[in-house]
Amino acid sequence: MAQMNMIQALNSAMDIKLGQDPSVVVLGEDVGYFGGVFRVTDGLQRKYGESRVMDTPIAEGGIIAAAIGMAVNGLRPVAEIQFADYIYPGFDQIVSELARIRYRSAGDFTAPVTVRTPCGGGIRGGQTHSQSPEALFAHVAGLKVVMPSNPYDAKGLLIAAIEDDDPVIYFEPKRIYNGPFDGNPHKPAVPWSTHPKGAVPDGHFTVPIGKAEITRAGSDLTVVTYGTMVHVADAAARNLGLDAEIVDVRTMVPLDTDTICNSVARTGRCVVVHEATRFAGLGAELSATIQENCFWNLKAPILRVAGWDTPYPHAFEWEYFPGEARVAKALKAVMEAS
Amino acid sequence: MVAKSRLHVPKTPARPGDAPDFSYLKLSPAGKVARPDVGSAATEIRYLSEELVRVLDEEHRAVGPWHPHLDASELQVALRHMLLTRVFDDRMQRIQRSGKISFYMRSLGEEAVSVATAMALKPSDMLFPGYRNQGIFVVRGRPILDLMCQLLSNTRDMCKGRQLPVMYHWRDGNIFSISGNLATQFPQAVGWAMAAAIKGQDDIAVSWIGEGSSAEADFHHALLFASVYKAPVILCVVNNQWAISTFQGHAGGERQTFAARGPGYGVAGIRVDGNDFLAVHAVTQWAAERARTGRGPTLIEHVTYRAAAHSTSDDPARYRPKDDYQGFPLGDPVERLKNHLIGLGEWSEERHKSLTAELEEHVVKSWKEAVSYGTLSEPPRLDPGLMFEDVFKETPPHLRRQAAEMRAEIEGK
């Protein structure tokens, strides 16, 4: 076991896979010599060479398309898109190609590509460095979509993603790269060494894709969430003195309906929390799935807490961010409903 | 021996610890590149995309067919614009370090690209800048106070708090909104120019991107649409050698010049010394006349150097020699124009010093006023309710509801 932040955990996952499997390659903007603008690929090019850890032109469409071609020829590319906000020039290649190659060729061609991309706000990034576009990808048939909330899961899920024979869109909530975040930007930053999930095995292990995790057991209500918001929701529930069960979705596609719905069936109350905009966000899918499965167990309507349906504004970051107050309001409302 | 394919990885000439190496840069002597008729076919003037148009020689004299013969008074204005851009950048960088603004991007070393281009155009020509073109706002007369208010996201911010620092716009000054996503403005400028042609306007469009961004598909879209419709547009690739940590070879610069992509599309391509105010002015004038007279688009590659970090989030000492800029063979644009004017007897070190002091004072005074309109952490503050406006022309019910929820949240209800 070692203490790692998310950056080190992700780096370790790629290091292990590059070392174990000669077909694994890493490509993206500034990922090679420099080690990535967030340092996630630091040292990998030095260790594995310029043909396996590649600096690419600034062309997200090209990065994804080249990764597909490499994968079709037997490699397992890990493509980094520097910010999720920059992924759209590659959207056509992801949606029309990557997601459907297996399907349209009846399994004769496949493209096991992992696309890593930092997402989310809370870093004063404005509208072009703060987006959480996971729902856009979760909506596309053929893509697996994951987002870890801690270093342990980050490493285990990334190794699982690289080993997966299907394409995985891997979102990294950059606000919690260096430490968990309870939603209060005025408090001093907390490192991952203070959190149990900052302890990460040095070697190979996986966190299975398709499995949610109950990060806190409770009986009052269930909070279904992922990424940064796992920590915000946890703090909000604790500060209200609620015995909340927190379910970290971890994998959005394929969704672990059993873990989520079993929890809600037990507690009878549910709040869904994410940072992304609310309208047609993943919360809509989660809420509908829970309602379909748990209707007769529900004691209150399922509520959603999310970012407002606007672009992420630079000056009003913390009024935009679904912080503790917004989460607490929903928790109370769900508890008070008879 | 049978040759085998091996993945080629472009070479980066110098990394930290190495001596600066610009031997890869192909330079032409000042005054040696012919100036063709503005109506020449793109394929007949390919040499312009291979050579390097330069006017200022090693002794800072203006020589050759591209000499624009500008009045000394105009050159003094140019120097002032470039120097103000630099002094402003310098102060904002230091202020970012103190935490008053969240982010900044300097244009150090690239001032001539924006200032000379903008000065060679008409005020009614439409500009589609990238994030390192602050000089065009200076040329067009936007007070730096207004730029500072944008950097602060304060109550006088033209973007109403919605954009990262430096992502300005100025409708009345004919400068389009800066995106933050790369290269998107390039084909948009072409569309604007197509509309000008459709409407029979006399105005042209001009856009800038970095050589790194020229890798995006939008570069191809811009060149193709410009060529197909012979759009009255000038497309500038600012080759400042570095895309964050990535050397220009990774954007295709190892194979051929960026300007040479123009003729491939049937678009005139010119490679110019981007640190030579007179040369940039001259090629812009040439391209503007070409566009305005219906002879079509021009792709201009400005060979320059990003002397500062990519942004305040970047540390170039991690990926290039610390003294790299000192070795750059095209020198510093401000120094070169200054020395040219001194050679003409139209400037002096003393005047330069006093102008610098005057501009510094202007910047300090503007900053004092700017912070009086609020900062990210000090009042007055913009109303957060503004975040819900301009998503649509009319705010729909669900956003009005969310705005009310947000107000209740802020008031602790």
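## Domains of chain B

In this predicted model, chain B is assigned two domains. Domain 1 covers residues 42-382. Domain 2 covers residues 384-413. The C-alpha centres of these domains of chain B lie 37 Å apart.

## A buried helix in chain B

Helix 5 of chain B spans residues 144-151. Is it enclosed or open? Of its 8 residues, 6 are buried, so the helix is largely enclosed by the rest of the structure. The buried residues are Ile144(B), Leu147(B), Met148(B), Cys149(B), Gln150(B) and Leu151(B).

What covers the buried residues of helix 5 of chain B? The cover includes three helices of chain B: helix 2 (72-97), helix 4 (134-139) and helix 11 (349-372). Just after helix 5 comes Ser153(B), with a positive phi of about 50°.

## The sheet of chain A

Now to chain A. Here 7 strands make an open sheet with mixed pairing. Their order is 3-2-4-5-7-6-12. Strand 3 (53-55) and strand 12 (251-253) of chain A stand at the edges. Each has a single partner strand, so one side of each has no neighbour in the sheet. From one strand to the next, the twist averages 20°.

Strands of a sheet pair through backbone hydrogen bonds, either parallel or antiparallel. In which sense do strand 5 and strand 7 of chain A pair? Strand 5 (residues 114-119) and strand 7 (residues 168-173) of chain A are parallel, and 6 bridges join them. In one of these pairs, Cys119(A) has Pro173(A) in strand 7 as its bridge partner.

## Helices on the sheet

Helix 7 (residues 151-163) of chain A packs on the sheet. It touches strand 2, strand 4, strand 5, strand 6 (144-146) and strand 7 of chain A. Its direction makes about 160° with that of strand 7 of chain A.

Helix 3 (residues 60-72) of chain A lies across strand 2 (24-28), strand 4 (76-80) and strand 5 of chain A. Helix 3 runs at about 170° to strand 4 of chain A.

## Two crossing helices in chain A

Two packed helices are described by the angle between their axes and the distance between the axes. Take helix 8 (residues 229-239) and helix 12 (residues 324-336) of chain A. Their axes come within 9 Å and cross at roughly 60°. These two helices of chain A are therefore oblique to each other. The crossing of helix 8 and helix 12 of chain A is right-handed.

Which residues meet there? Helix 8 of chain A brings Val232(A), Ala233(A), Ala235(A), Ala236(A), Ala237(A) and Asn239(A). Helix 12 of chain A brings Glu324(A), Val327(A), Ala328(A) and Leu331(A).

How values were computed:
Residues numbered from 1 in each chain as written. Chains lettered and ligands numbered in written order. Predicted model: local features only at pLDDT ≥ 70, side-chain atom pairs only at ≥ 80, totals over all residues. Buried ≥ 20, exposed ≤ 12 C-beta atoms within 10 Å, placed from the backbone. Helix = DSSP H or I, 4+ residues; strand = E, 2+ residues; numbered from the N terminus. Contact = placed C-beta atoms within 7 Å. Domains from an automatic or database assignment. Pairing = 2+ DSSP bridges. Axes fitted to C-alpha atoms, helices over the stretch in contact; angles between N-to-C directions. Parallel < 35°, antiparallel > 145°, perpendicular 65-115°, else oblique. Left-handed = near helix turned anticlockwise from the far one by under 90°.
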